[in-house]
Amino acid sequence: MLRDPRTTRVTGDATAAIHRRTEDIAAEHDPERHRDEPVAEAYCWSNLTSGNGSRALWLLLLPFMVVNLAHWMRPGAAPGRTGAIRLYGLLVRLIALSLTVLLTAAACEVALDLVAWQCAGEPECSGRRSWLGFLSTEQGGWWSQPGRRLVVAALVPTALVALLWYLSNRTWSAYESQRPLAGAEPEQTEAAEAGTASGGPVVPPAVRPALGRPGFWYGRRLVARLRAAHTAAGVLTVAAAVGGAAARHDRTSDSPVPGILGGLLEGALVACGLVVVLVVCRRGRSERRLDNSLDRAVITFLPGAALVLLLLTAVHASWSRPGWVSDGALPGEVTFRVVTIGQGVLVIALAAVALRLYSRNPEPRTTLHGLGGPAVAMLACALGGVMTGGVAQRVADWLDGSGTPGMGRGSVIEGPPVLLSWQASVIPVLLLLLLVPVLTLIVRTARSARRMGPAVEAEYGEKRPDPERTRRIARMRATAALTDSAPRLLGALSGATLLLGAGAVAGSWATGQVPGLAMDGAAPFVESLAEAAQSTGSWMVGVGFILFVTWGRRAYRDVSARRTIGILWDVGTFWPRAAHPFAPPCYAERAVPDLSSRMSAWTQRTRGRLVISGHSQGSVLAASAVWQLPDATRHRVALLTYGSPIERLYGRWFPAYFGPVPLEGLHRSVHCWRNLWRATDPIGGPVRIEEGGRHEVDRGPLKDPLVYGRTPELPLPEPILGHSDYQADPVFAQERAALLERLDAVLPRQSDGEVQGSSGRSSG
């Protein structure tokens with residue numbers, strides 16, 4: 001970023017730090033030397049998203065990250081809509097809780113049902129697996145009773161929950177527990193603001209926006225509470241799977257003691273589960289202040305109580321029951337059906353609340369008329385279902401060998417719940433439905449590129465244009481515009497997923513059989529279509545899961561692959577973990593305080609001028625850091641963004657935080673702001689702030705490439721840069737110099753020993 005191999009770290013650590021050129025390290029003490037050129041600093045934060053090998057495990061957390069995004073996608077609301085805002089956040093947190101239960105239930109399905117109950121209880125299956133010998137009914141050992149087999153298998157989902165807790169706790173200590181620099185100015189608030197964990201409504205520019213509140217980037221208390229609740233939910237799911245099987249058997253046995261104990265344990269599990277739901281529903285943090293307190297009773301006793309119940313359930317299930325035989329499959333069908341229906345109901349309710357919020361304060365550029373959050377929440381549920389179904393299907397096929405679980409064709413075990421087969425069967429149908437809008441976009445893009453050709457040649461004033469060069473530039477511009485079509489595609493995907501998911505639940509509920517068997521006796525075409533959908537869907541889910549695991553393994557070993565995952569995570573992990581504590585950590589809770597603290601400290605110490613410039617995601621960090629500055633400091637700072645998604649992506653998808661009102665307020669609060677963008681950039685775009693009938697902030701679209709063909713100054717063809725290398729454009733240096741000059745017009749000259757100008761650059 002500094003374009004110099006000789007750099008020195010000014011402040012920070014190996015994770016994120018600010019650097020300068022070595023020759024500029026003492027610039028404040030030699031102002032004459034740097035009077036004509038600004039002193040550049042670089043904030044490097046890449047290790048926050050692509051660090052050590054453990055980051056590969058973040059792939060397991062993809063559904064959690066996506067549902068956390070939905071929490072921040074609520075429409076901007078008019079003041080006074082406190083109840084609707086709180087309800088929106090509550091519904092997303094409940095969807096997030098259902099994903100934890102779903103993932104744990106999938107682990108229970110694999111370990112308890114498929115392995116311990118079905119395979120270990122069937123001599124033909126356990127005989128092929130020597131490692132199942134001590135659980136096999138054929139050997140008749142102490143562990144061969146069904147309840148004891150379930151207790152042993154429960155170690156697997158319990159270890160998964162423990163791993164999620166460990167990852168969340170480790171990152172919580174490194175991110176959310178990093179207290180920002182003290183001494184921030186008090187925040188201006190209105191009585192009508194919500195102040196919930198989901199942030200307040202869009203407020204007038206005179207009032208500090210949500211991202212400028214002192215406690216916004218400090219979610220220590222909320223994440224600790226949610227982590228305790230989700231850990232307890234996972235442990236209770238395991239306990240219910242173990243204890244439920246034993247309790248069902250005891251209700252049909254002659255011995256009253258185990259039945260009474262089982263009933264008491266089931267009641268305790270339900271009571272503890274209700275406490276978990278209450279903790280999730282309760283507000284956990286205040287953004288108006290740095291909330292450094294912790295709910296230690298919840299953090300300590302809720303997971304502890306769940307673990308105690310799991311241990312008691314394990315003891316109860318291990319009680320000797322000589323006549324107990326594991327026949328068929330555990331009733332996991334009911335669990336998955338309840339979770340799936342519950343997720344669908346919650347998503348529909350979330351959509352109703354989002355539409356209500358949007359109708360009160362409609363913004364034309366808001367994604368899907370305010371339904372972006374519900375659509376993304378539906379996508380998170382679909383990802384969770386695909387991951388759980390893929391694991392169960394692959395393990396069942398592996399255990400069954402040459403048979404087909406659930407089809408009755410040489411299968412040894414019954415297989416996973418029927419609902420998972422129905423869900424896998426709708427995947428090919430979903431892909432076929434998406435083929436229509438995808439092909440439409442491809443055709444529209446090709447036509448748009450052809451129409452752009454004459455405009456490209458006219459822009460460059462080329463007398464003898466090269467058709468291939470023209471096509472390449474036009475194609476890049478048309479392809480970059482596809483980003484603006486993503487909301488419609490996501491809306492179609494989420495809507496089709498909801499309808500097909502409802503059909504899968506109805507089909508499994510009505511028939512109780514996998515699609516291939518359910519259509520036996522129907523027309524030959526329908527029967528073959530059902531079997532093809534089932535086999536194709538099962539193959540797709542299985543292959544997808546294998547690719548997922550392979551990618552994670554490669555990322556663990558390969559730094560470049562891990563960095564790629566980090567780039568994909570830039571947007572998803574920008575936001576605090578307000579909905580799901582097991583989501584990847586929020587790097588902005590470290591990066592934003594880093595930047596704002598550096599700007600505040602430097603301007604107070606030197607009374608100098610500062611231009612903070614950011615590229616791509618760095619521009620979002622830069623704007624967020626400027627929002628956190630005290631008013632006096634903010635007026636000494638200019639903002640330069642380039643290739644910025646701050647309006648094109650964030651303004652449309654997160655309107656409550658980056659919509660027109662917050663961005664206009666940011667523009668008025670800083671002394672000056674310029675934004676550079678290109679038509680060939682698929683990520684960056686204009687900010688669209690208008691004052692006096694003209695775009696005050698935006699400059700663009702910049703020429704890309706800089707020249708059309710060969711020139712005496714540039715004899716070789718110039719590349720089409722798209723989203724990269726904005727600093728190579730002469731406009732960048734011009735705008736930076738202009739911003740410094742505009743600052744100089746209102747600020748007093750620096751005294752001796754202070755730097756004349758400084759440019760802090762935040763870039764990924």
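What follows is a friendly chat about a predicted model.

User: Hi! What kind of model is this, and how are residues numbered?
Analyst: Welcome! This is a predicted model, where local features need pLDDT of at least 70 and side-chain atom pairs count only at pLDDT 80 or more, while totals for chains, interfaces and linings use all residues. Residues are numbered from 1 along each chain as its sequence is written, and side-chain values use heavy atoms, with hydrogens and water left out.

User: Great. How many helices and strands does the protein have?
Analyst: There are 23 helices and 10 strands. Both are DSSP runs numbered from the N terminus: helices are H or I with at least four residues, strands are E with at least two.

User: And how many of the residues count as buried?
Analyst: Of the 764 residues, 56% count as buried. Buried means under 20% relative accessible area, exposed means over 50%, and partly exposed is in between (1.4 Å probe, protein chains only).

User: What about contacts between residues at least 6 apart in sequence?
Analyst: Among those, 79% join residues at least 24 apart. A contact means heavy atoms within 4.5 Å.

User: Switching to cysteines: how many disulfides does a search of the whole structure find?
Analyst: The search finds one disulfide, and it joins Cys119 to Cys125, with an S to S distance of 2.0 Å. The cut-off for a disulfide is a pair of cysteine sulfur atoms within 2.5 Å.

User: Is that disulfide left-handed or right-handed, and why?
Analyst: The torsion about the S-S bond of Cys119 and Cys125 is about -90 degrees, so the disulfide is left-handed.

User: Are Cys119 and Cys125 buried or exposed?
Analyst: Both are buried. Cys586 is buried too, with a relative accessible area of 0%, whereas Cys281 is partly exposed at 28%.

User: Now helices. How do α6 and α8 cross?
Analyst: The axes of α6 (residues 220–250) and α8 (residues 296–317) come within 8 Å and cross at roughly 15 degrees. Axes are lines fitted to C-alpha atoms, for helices over the stretch in contact, and angles run from 0 to 180 degrees between N-to-C directions. The two helices are therefore roughly parallel to each other. The contact of α6 with α8 has 20 nonpolar, four polar and two charged residues.

User: What counts as nonpolar, charged or polar?
Analyst: Ala, Val, Leu, Ile, Met, Phe, Trp, Tyr, Cys and Pro are nonpolar, Asp, Glu, Lys and Arg are charged, and the others, Gly among them, are polar.

User: And α11 with α13: parallel or antiparallel?
Analyst: Helix α11 (residues 418–460) and helix α13 (residues 486–511) have axes that come within 8 Å and cross at roughly 155 degrees. They are therefore roughly antiparallel. Angles under 35 degrees count as roughly parallel, over 145 as roughly antiparallel, 65 to 115 as roughly perpendicular and the rest as oblique.

User: Which residues meet there?
Analyst: Those in α11 include Trp422, Leu430 and Arg444, and those in α13 include Arg488, Leu500 and Thr511. By class, the contact of α11 with α13 divides into 17 nonpolar, five polar and two charged residues.
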